[in-house]
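Hi,

Here is the structure I promised to pass on.

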Amino acid sequence: MLELKNIYAGYRKDHWILEGIDLHIAEGETLGIIGKNGSGKSTLAKAILNMAPYRSGQIAFEDTDISRLAAPEITMAGIGFFMQGGQVFPNLTTMDNLVFAGRDRQKHALKQRLGQIKEYIGFLRQQDKLSLKASYLSGGEKHQLALAMVLMQKPRFIILDEPSAGLSISNVKMLYQTLSIICRAESLTLMLIEQNLPMVFDFAERIIRLRDHKAETVDTTKEKEIMMNEFIMN
């Protein structure tokens with residue numbers, strides 16, 4: 001579904017964060033991306049969305065070259081992006097956030113999509129929550145709202161950049177339960193960038209580790225055990 005060939009990306013012309021990344025993500029797959037801080041996890045997401053200041057290589061989505069498209073065009077092509085921290089508009093109500101996210105849809109399609117998303121995300125069925133400014137939502141609700149905003153465009157592929165960051169254990173579990181329901185219902189493909197190793201190992205079907213500017217597959221139980229021990233020690 002998504003193919004990266006020889007991707008270089010960074011923030012200065014003379015310094016690449018990622019060097020020669022080749023990566024294929026199959027339709028319906030959940031791919032986990034892990035690595036230490038500064039290893040290039042978020043840079044990889046930004047490279048795919050053409051948001052990295054410097055990038056070279058080729059990126060194809062559903063066999064179409066998207067390398068030269070701007071980020072909004074990539075979103076319209078079917079790739080959604082959950083930004084780190086669960087980004088919402090705090091001064092808008094919950095409903096206004098959702099309507100803004102789905103602003104490119106016709107009125108009937110917008111209403112229909114809102115109905116579908118409410119089935120996935122329970123707190124959106126509460127009228128008092130819909131009329132509340134997003135700044136007054138709990139941390140877990142803000143993350144769920146941010147996910148709902150991504151879903152408003154009905155993407156086929158979603159990049160999630162550390163969705164568990166800043167959440168309590170119970171809210172992390174709730175968010176991932178919601179993701180699981182949505183993936184099954186909408187046959188989504190996911191690229192999951194996570195620092196929470198227990199969660200990503202449990203949720204993702206395949207794991208890629210970024211290290212020394214490169215991507216390497218983590219595919220053995222032994223490697224996972226070593227990395228989990230490192231996670232616990234740190």
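The part to start with is an open sheet of six strands, ordered E6-E7-E8-E3-E9-E10, with mixed pairing. Strands here are DSSP runs (E, at least two residues) and helices likewise (H or I, at least four), numbered from the N terminus; two strands pair if DSSP finds at least two bridges between them. At the edges sit E6 (79-82) and E10 (214-218), each pairing on one side only.

A word on the source: this is a predicted model, where local features need pLDDT of at least 70 and side-chain atom pairs count only at 80 or more, while totals for chains, interfaces and linings use all residues. Residues are numbered from 1 along each chain as its sequence is written, and side-chain values use heavy atoms, leaving out hydrogens and water.

Back in the sheet, E3 (residues 30-34) and E8 (residues 189-193) run parallel and are joined by four bridges. Gly32 stands opposite Leu192 in E8.

Helix H6 (residues 139-151) packs on this sheet, touching E6 and E7 (157-161); contact means heavy atoms within 4.5 Å.

H6 also packs with helix H7 (residues 169-186), at about 20° and with axes 9 Å apart. Axes are lines fitted to C-alpha atoms, for helices over the stretch in contact, and angles run from 0 to 180 degrees between N-to-C directions. The two helices are therefore roughly parallel (angles under 35 degrees count as that). Among the residues that meet are Leu147 and Leu151 in H6, and Met174 and Ile182 in H7.

Cheers

Conventions: Parallel < 35°, antiparallel > 145°, perpendicular 65-115°, else oblique.
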